[in-house]
Every structure is written in structure tokens, then in C-alpha cells.
Amino acid sequence: MTKKIHIDFLCLVSILTYGFSTYGSDRITVGGIELNTDTIRHSTIGPATTLTQLHLSGEQPMDVHYITIDLTDNRITLRTTNADTANGLKKTSEMAKSASSDNKLFFAGINGDFFDVQSTYPDGSIRPRMTANTYITDSHIIKTSPGGFQFILNEKGSPYIDNLRLERGTVSNGNSSVRLGGVNVENINYSGDAAPDNAVTIYTSRGWKSTYQTQFAGTCAEVSAKIVDGDKFEAGATCRLEVTSSATSTGNLAVPKDGFVLLGRGEGKDFIESLVPGDIVTVCNRISLTDGTTVTPLIAVGGNPRCVIGGIAQESDGTRPDAVELHPRTGIGIDKNGSKVIMMVIDGRGESKGATTRQLGDLLVYAGAHEGLNFDGGGSSTCYTEPFGVVNACSDASGERTVCNALFAVANGDIHSREIKEIRFADWKATVPRNGVYTPVIHAYNEAGVLIDSHFENYTLSCDPELGIISKDGKSLTLTSSKGGKLFAEFNGQSASVTVFTLPSEIKPRLQSVLIDGIQPYGIELFASSGNMSVPADASAFEWYSENPDVATVDETGTIIGKQNGTTVITGNLDDREININITVEIATSKELQLHENGSDWSISTSSVKVKERNDTKDGITVSYTTASTVTKANLTFTNRQTLYSRPDGLKISYASDIAMKEMSVMVTPANAKTALIIENTEPIGESGTWNIAFDKYLDTDDAAIWPVKLVSFSLKPGEAGNSSGKILITEIKATYRASSSVNEISIENHSSDEVVTDEWYTLTGIRIQREYLSPGIYIRRRGNHTDKIIIR
């Protein structure tokens, strides 16, 4: 017979593992290799922004992380930022935090462009690193380079991937005009670029401290300049600069603070040499795409190669030496309509093998990209989210690597508001074994779309009764349906839903055999499993009975109480399923149990100690010994390997010695441990003393899996100098207990929730809980040696 019981406290609501099906197809071809896909996460992490994490298994395992941003939502923008440090490098996560403000939150992003490796100027001073390709941030041109490609966002918020060209820009004075060659173009020794011939190149204070084009000394001309009041030096704009120095030709003119240097070669040299201080130069920063279309970039982040063009992943073998190698990868994609941007990171150099640039293209296409670009990868690859930090496995030896710039999704508005305007399930869908307990994670968002609580708890679940049973606290679902269905969460008029899919399950107890002491109850722990997936199951759905209720009883919730010493089998039935759990009851009848009544059962081993004589009497174990010269290694170890009776609270070891003991230690082995646990007392304890060891300081004594505990040995270290003689008497080796008699019959009482008591309280699973945290429900109260089941209303 199937029982459906609503109880006040649901056992074991914590989830171990939930499996999720793929977001797209179950298989994907990546660079000609067919791989299985498993969506580990797909959730909203900010305004109009989702984070998806895939695990690809098969011949070339990969972990893929991508952020999808809907640019049609006016609560969100894209921004770049770069390091504000002396060396020009900073972690992506740190850039996000330092760039955020009261009304802007840089909440999700990836590392950006490749950067140069030169860290010092010729004079040895620190040189800030610079991106390898053209970089524009908030309309400020940081650097231009003729090579590579850029992810571009224009002033209207439209994204592109192209190669920005500045050569259609001009620098003019009166009737004289010359081509604009670029901004902050690097020295040929650093990047292969150089200030172009027959043009004027502009150097700004956001670049380096000088032009550093010394290879053109004598064949170039330079002047310093400042911006005319009211004008701005921005991408796609025209501005005026006032010349502030006479022309020089060293190719290494210092850039004034907040100023500029204009460097000309060929026709540009002639133009610069014609200038005198006070002249006004007009700079037209005209920027175009490769097809000649003029564009006004708000941001531009460089990379190479273009790995997706027109929705097709590109064969990019010859674009860079590492293109065909497996490495961590960072990439950016744009959908066909230009309304969505995909930021992607692929882990590598570990269990996740990494990808080629072609494979990055395939995965960007899978995620929805029509155009795609490869950013800096390898140890630089970083995928950051404000709610969850860095979500990928960075391959750099130091963890997250410092980089030159990064691209972010930015939330605007009242980003710090704590008022909840939307809730969502963290899971995009849940697949749960039948009869398993599903406790969802709920995300809460403010009006700006910012995720302000990633573990929101003040929700209430609901569902069709045919789907399953909602716990009385409204936080969990016990899935009873064989078909699945919709699960809803509500809070203050806000609602969310998730589709729950049912898997056929096998239900097993967590523990096949349990030792109880007749004082602390045990709530049966069940798990519903399907394949590699395992989740808690509701024990109250079963019909339980005890083979020998004189030894232990079990109630309808699956709570077992020991009555007297002995063994019994607890059986549960649900439909055609049967579960059997072996129960051993051991009730301590005194507060202490001597463990050395037969002292000869304890063997003695030593280190740097020689045992001269040993006597075992009713008073204890007496050992006479001498220590070797190296007293720091002197040690006496008493070994018995004795399984402790019942569930003791701890151990008590007493001794008397004519030499002060420096240290003591005890070795115990819980039932669920493969190796012994060493408990140390490193405080000096003198010539005689007692060490009381409370197990709950070192073991999870509420976990039934640790019982029984085995006492393996205890050790003492003499504290005197070497070559000393001593005698020690071990007077007590005892297990200690709280109980001195068996537990009385269980009674059921009604208590109001505001009643003041000072007893010990436990949940039906046996977890101790403070009285002030009790909510209405059924609990176990222990008062001295008497145990009651109490209903709190």
C-alpha cells in the first residue's frame, strides 16, 4: 500500500547530486569529433544574461562556459576596462570590482586581447603592458594596430566583428593635411608595428611615457600638444590640438601628462616640421570597417583569428601558430540579428583538453553565434561572474592570471536595491529519480535585474498533487509521479516555474546497519538513485514496522527509538519495494565503562624508550622505563584496537607518573573511515592528570555512520631530558556516557512554541537543534534520561 504522509519536518532535504539534460542536442560535432553534451548549469545571472556550463565527454573531453547577453534589454550595456596598475596587468575579476560604481555593476565578463611581454623600458623602469591589437574603451583610443580583428560596439550599441581602419582619418593645419597613421603605435621591437610612413601618429598619456620610435631618429619629427578646451580626443570624432613645443627628431619625445605627441614620417615629417607652438591642429579620428563603412566605436577589443563568419566555423590553421593546438580558449560571438553576444571560455590543460580555434568556432556556433572571434587564451582564459566568481578552471599555475584588458556585461540603474522584483529557479530543468526529494535553489533579482540572492529561502513551492508532495515548510518536493510535471515557486506575487522530469529509481538506505543507544533517535536516511544520480528520498512514504519492537520501535516518519539491548530488523514497504535495515541497540547503564579491566590486552610499543618492567593490576597498568638521549622522540604507545560499546560521548584517560608528560594523543577509527583519526593534546599535563576527550569536538557524532567507533591506541610523550628513568601508572581508560539507565517509554505531548524549557532537542533525523530555532513540527526532547516525542504547535 502506498502512503502519502504530510509531516512537519521532512527528513534529509539536502541534495547530493542532480543531473541535468543538455540545453541543446545530446551530441555535438566539434572539429570533426562527435562528443556527448551535458548541461551542468543554465541560469540567469543578471539582467538579460544567462550563464551556461557544458561538459563534453568522449574522445576529447571539454568543459565549456558561456555567457549570453541580450542587448535589446536597456538595463544592460557592454563595456571594456583595462588594468590601472603600473605594469598594466590585473585579474579579470579585480577589474570588474574596481570598475563597478554606485550605478554600474560589471557583473559578468571574460579576459580580452593578447598583450605584449615587454615589462620594462630600456632604462629599466616599469613599462605598462599594452594590448596586441586595436583597443578602444568608452570611446577613448588606447592603441591602434593594423593587424588582427576587433569585437566592436558602436555608439548605438550595435556589435560587429571586423578590422578597424584609421588610415581614412586626417591631421590638418590650415590648408595642409596628412593621413592619420594611428594612435599609440608600438615600437617595432615589441610588436612588429611601427609609426607608419607618410602619416602622423598620435601618442597619448594613456599609452607610454614617450613615443619610443628611436629607430626613426633623424628621419621623423615630433611636437607635443594639448587638447583645446571643450574638445575631446575620441574615436570617430574630430578635435583640435594646440601645439606646445617646437619640432624635434629624436623619435623619443616624452608625452606630457594629459597631453599628446604628434610624430610624423615622410609627408608627416614635413607636416610636423611646419608647426610652431600655438598652432591649432585638427584631428579627424575617422574610423571605418574593412568595407569602408564609417563607424563610431564605443568599445573595441582585439583578437585573432575570426573563427566564425556567416554562421560557419572557419578553418584557421595558418592564422597563428597555436591555432591547431589544444589550449584553453576565450572567444566572443554575435548572433545573426546582432541582438545577442556570447562570451565563451573553454577549459584546457587538464581533464578538459582544450580546443583549437576551429573547435572554438564550432562551439560558438552551437551557442548561437553568426560571427566569432578568438581572444587571448591559454592561462589567460577567465570567465567571471559577480554572483559566483571565476566559474572556469584557470590553467595558469597561479590560478587566475593578470591580463591587460577585459570585456564585461554591465548592469545599470539601482543595482544595490534589495527589493526583490523577480525570482527564478537556478535549474533550467530538473531530472529527479522517482520518490526522490528535490529542494531547489532559488535566485532572487532586483528591478535592475541584478542577482541579489543566489540562495533565496523565503519562497513557497506548489504543484499539481499528481506530481508529488510538497513539504509542510514549502521548500521541497517529494516526486511521486512517473511522468513529471511543472513545479512552481512563489514569493510576494512573483512566481517562477521549472519542469521536473522523472527517472526510474532504486531506493536504498544510506546505512544498511545502524547502531543506536536508546537515547538519540535515528531518522531513516533513504536515497533514490538512477544511474550516477542520487538524491534524498522521503522515508515517510514507506510503511515501516519493527521485527522486534521490544528492542526498537519505528514510527510513520521512519524515526527509530531504541528500547532495550538487542538486534532487530526495520522493514519498509512502498508499492512493490521493500527496504530492510539492521538495527543494533546498545544502552549504556553507567556513565563510565572501564576499558582496561584486563590490562594484558593492551600491548605497548615505544620510540626512544626502553621498557624495564610492566605490571597489570586492578589499579591499572604500571610501566617502568628509561628514555634514550633524544627525548623529543620518546614515546609510549598503548594499543588495544577495541570497539567501543554503544555511542560514547568520549574517552577519559588518567595517569600518575614520576616524570611530567609533555603530550598525549589518542587514535580512533570511526566506522565510516578508512584511516584512523589522531586526536592530540599538546598542552603540558604534568606528572599526573586526566584527559577528557569529547568526541563531538572531533567527530560528527550526529552522523549514525561513524558508529561504532574503535579505540586503536593512546600515546604519551615524557617531558624530561634524555637518559631518564621513570614510572607511569595508567589508572583509567574509560568510555564516557551521558546515560545511566535505559530510556523510558516514549510519550507524546503538546507544547506551545513559546514555552521556555532548557532540555536537549533533536529533529526526527537525530540532529540536535537549539530550542529557539524550533518551528512547528515533531521533535525529540531529552530531559535527563527521559526521552519524549513533542509536537510543537
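**Close-up views of a predicted chain**

**View 1. Helix 4 and the glycine after it.** G368 follows helix 4 and has a positive phi, near 115°. Helices here are DSSP runs of H or I with at least four residues, strands are E runs of at least two, and both are numbered from the N terminus. The model is predicted: local features need pLDDT of at least 70, side-chain atom pairs count only at pLDDT 80 or more, and totals for chains, interfaces and linings use all residues. Residue numbers start from 1 along each chain as its sequence is written, and side-chain values use heavy atoms, with hydrogens and water left out. Helix 4 spans residues 357-366 and is mostly covered, with seven of its 10 residues buried. Buried means under 20% relative accessible area, exposed means over 50%, and partly exposed lies in between (1.4 Å probe, protein chains only). The buried set in helix 4 is T357, Q359, L360, G361, D362, L363 and L364.

**View 2. The whole chain, for orientation.** The chain holds four helices and 63 strands. Its C-alpha atoms fill a box of roughly 115 × 75 × 55 Å along the principal axes. The radius of gyration is 36 Å, while a compact globule of 793 residues would have one near 28 Å. That radius is taken over C-alpha atoms, and the globule rule is 2.2 Å times the number of residues to the power 0.38. Buried residues account for 54% of the 793. Of the contacts between residues at least 6 apart in sequence, 67% join residues at least 24 apart. A contact means heavy atoms within 4.5 Å.

**View 3. The pair K90 and D84.** A salt bridge joins the side chains of K90 and D84, at 2.9 Å from N to O. The term requires a side-chain nitrogen of Lys or Arg within 4 Å of a carboxyl oxygen of Asp or Glu. A search of the whole structure finds 27 salt bridges.

**View 4. The pair K734 and E592.** The closest N and O atoms of this salt bridge, between K734 and E592, are 2.9 Å apart. K734 sits in strand 58 (residues 725-736) and E592 in strand 49 (residues 592-594), so the bridge ties together parts 142 residues apart in sequence. K734 counts as buried, with 14% relative accessibility. E592 is partly exposed, at 32%.

**View 5. A network of shared partners.** D116, R127, K143 and E186 belong to one network, joined by salt bridges that share partners.

**View 6. The pair R320 and D322.** Here the side chains of R320 and D322 form a salt bridge, with N to O at 2.7 Å.

**View 7. S43 and its surroundings.** S43 belongs to strand 2, residues 33-46. S43 is buried, with a relative accessible area of 4%. Leaving out residues up to four places away in sequence, S43 touches T49, T50, L51, A426 and H443. K429 is 386 residues from S43 in sequence, yet their C-alpha atoms are 10.0 Å apart in space.
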